[in-house]
Amino acid sequence: MFREWIKLIKDCIWAARYKKAVRKAKRLSALFDMTYYVILYKGKLKVIPKKNLKRLVSQRRFKSGTTIQDIEKIALYIAK
């Protein structure tokens, strides 16, 4: 029973962080008229514009062979 409570609390924290990231992505997308992605990067939720992702892919910040399409598939949320 104790483990169930721990899991419930962790799930609630994750849900709150996810909702906050989605709200931020929506707000920034409307403000700057750009596409924003919510991705899990190094264990944390990140809100990143598509323009920056293209730059990071070209600089080889991701694993070799990674494309924007791969990141779109992995993205938790896409705000257009």
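Why does Leu 8 count as partly exposed? Leu 8 has 44% relative accessibility, so it falls in the partly exposed class, which lies between buried (under 20% relative accessible area) and exposed (over 50%), with a 1.4 Å probe and protein chains only.

The model is predicted: local features need pLDDT of at least 70, side-chain atom pairs count only at pLDDT 80 or more, and totals for chains, interfaces and linings use all residues. Residues are numbered from 1 along each chain as its sequence is written, and side-chain values use heavy atoms, leaving out hydrogens and water.

Leu 8 lies in helix α1. Helices (H or I, at least four residues) and strands (E, at least two) are DSSP runs, numbered from the N terminus. Ala 21, Val 22, Ala 25, Leu 28 and Ser 29 of α1 are buried. The buried residues of α1 pack against β1 (36-41), β2 (44-49) and β3 (77-79), where contact means heavy atoms within 4.5 Å. Just after α1, Asp 33 adopts a positive phi of about 55°.

Strands pair if DSSP finds at least two bridges between them. Six bridges link β1 and β2 in the antiparallel sense. Leu 40 stands opposite Leu 45 in β2. The hairpin of β1 and β2 has two residues between the strands, and Lys 42 there takes a positive phi near 55°. β1 and β3 also run antiparallel, joined by three bridges. Val 38 has Tyr 77 of β3 as its bridge partner.
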